[in-house]
Amino acid sequence: MERPLAIILRPTTIRDIIGQSHVINDDGIISRMVKNQFLTNLIFFGSPGVGKTSLAIALANDLKTDFTIFNASVDKKEKLQKIINQQDLDKKHIVIVDEIHRMNRDKQDILLEFLESGQIILFAATTENPYFVINPAIRSRCNLISLEVINDKEMYQGLKKIIKNLEHKLEIDDEAIKYLAELASGDLRTAINWVEILMKLYREDKITINTIAKIIPDAKSRGSGYGEEFHDLKSALQKSIRGSDVNAALHYWARLMALGDYETLMRRMLIMAYEDIGLANPTIPPRIFHAIQSFRQVGMPEGRIILGLAIVEMALSEKSISAYNAAEMALNDVKNGICPPVPKLLKDTSYKSATKLGSGKGYKYPPNYENSWVEQQYLPNELKDQVYFLPKNSSKYEKKIIEIYNNFTKKNNKL
């Protein structure tokens, strides 16, 4: 039986991995492991199609270590036990567990026993949050590797390389490859499946965006202007809404609607609601989300009425990026390593002997005070004067909530 193209093209070395530069660049943990030929237990987690299992296999190859794949969704407990029992204690062996989140507790307990002894090295892959689905004892013995969604540029470059190296050459223009890359939404497996269909069914044709529209239900012909123009239209729509120009916003929205990629358009609308309107009108984000869900239920052509109303509402609303700026500042601090210890008064006291360690000492319980507020320091000493949130006093809602906050806290140093 002929193997699927996604299996045939599975990378055999980390040099062939598409995306994930944060872990496979020269200073990334995966590259360092290969350079130093260092084996350790790993859990790869991320969205479907980002290459978790492919990266695990490629890394095992680069580490020159034998491996066996166990698929937790279909393979039985006996197979796992057999894999482990067959291993030579004097020789390292990697067990790649695909979809480990589907493993029940008894299967995970088998792994734990042999991780303890060092009889196997575990490379696990999951689409779920490992803190929720993996035995804490296993998780504590593994390094967590978060894989990122493959962006459009990485996807385009990866698909172009794949198509160039196909055994059966495809005549396909760059705009069509770019279109495939964006439609894939970071899912490389899906993109390769589309390439396989093109290779099998349209090998003799010149492949354009119109060809792609035939094989992908959500794809629509965007004409020769697709590419930079598509991104320019999304940018123009957001900037028009940010600038409260309702007519310009409707114009660019209508052009995007004509292109037919409704999902990309609605994703951008939801981002705008949270980023550009934010605290100035916090009813807008849930209204936009509801409009998107309604559009999906109603479909076209009537769905245009729902999205059109949402565009008008966003354009005419007050705007504020104060919450967005505050979040970005806080995230940048953490990204730059500014992570002082949590103050003792805020530490967890739910476990036995926590008080002996000083956890929770001095903490004042706000509900016991007037207005459920009491002045105390929550930030670590190293950040006690740090201010992330700077309110915008020109928007009615934001100005009102800050006035309420300053009133019930009775603070002199108002926001």
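A word on the model. It is predicted: local features need pLDDT of at least 70, side-chain atom pairs count only at pLDDT 80 or more, and totals for chains, interfaces and linings use all residues. Residues are numbered from 1 along each chain as its sequence is written, and side-chain values use heavy atoms, with hydrogens and water left out.

Back to T264. This residue sits in helix α15, residues 262-277. Helices (H or I, at least four residues) and strands (E, at least two) are DSSP runs, numbered from the N terminus. Is T264 buried or exposed? T264 has 18% relative accessibility, so it counts as buried. The cut-offs: buried is under 20% relative accessible area, exposed is over 50%, partly exposed is in between, with a 1.4 Å probe and protein chains only. Leaving aside residues up to four places away in sequence, T264 touches E182, F230 and K234. Contact here means heavy atoms within 4.5 Å.

Now the whole chain. It has 19 helices and seven strands. Of its 415 residues, 44% count as buried. The C-alpha trace spans about 70 × 65 × 40 Å along its principal axes. Take contacts between residues at least 6 apart in sequence: 71% of them join residues at least 24 apart.

Domains next. There is domain 1 (5-146), domain 2 (152-221), domain 3 (225-316) and domain 4 (343-409). Those bounds come from an automatic or database domain assignment. Between the C-alpha centres of domain 2 and domain 3 the distance is 27 Å.

On to the rings. How many aromatic pairs does the structure hold? Two. In F44 and F123, the ring centres are 6.0 Å apart and the planes stand at 85 degrees, so this pair is edge-to-face. F44 is in strand β1 (residues 42-45) and F123 in strand β4 (residues 121-126), so the pair links distant parts of the chain, 79 residues apart. Both F44 and F123 are buried. The other pair is Y262 with F295, also edge-to-face: 5.3 Å centre to centre, 65 degrees between the planes. Y262 belongs to helix α15 and F295 to helix α16 (residues 284-298), so this pair ties together parts 33 residues apart in sequence. Y262 is partly exposed at 21% relative accessibility, while F295 is buried at 5%. The criteria: rings of Phe, Tyr and Trp (its six-membered ring) pair if their centres lie within 6.5 Å; planes under 30 degrees apart are stacked, over 60 edge-to-face, the rest tilted.

Last, the backbone. Most residues other than glycine have a negative phi, and most peptide bonds are trans. From M300 to P301 the peptide bond is cis, with omega near 10 degrees. P301 is in the loop between α16 and α17 (303-316). N371 has a positive phi, near 60 degrees, and is not a glycine. S372 is not a glycine either, and its phi is positive at about 55 degrees. N371 lies in the loop between α18 (322-335) and α19 (396-409), and S372 lies in the loop between α18 and α19. N371 is partly exposed at 40%; S372 is partly exposed at 45%.
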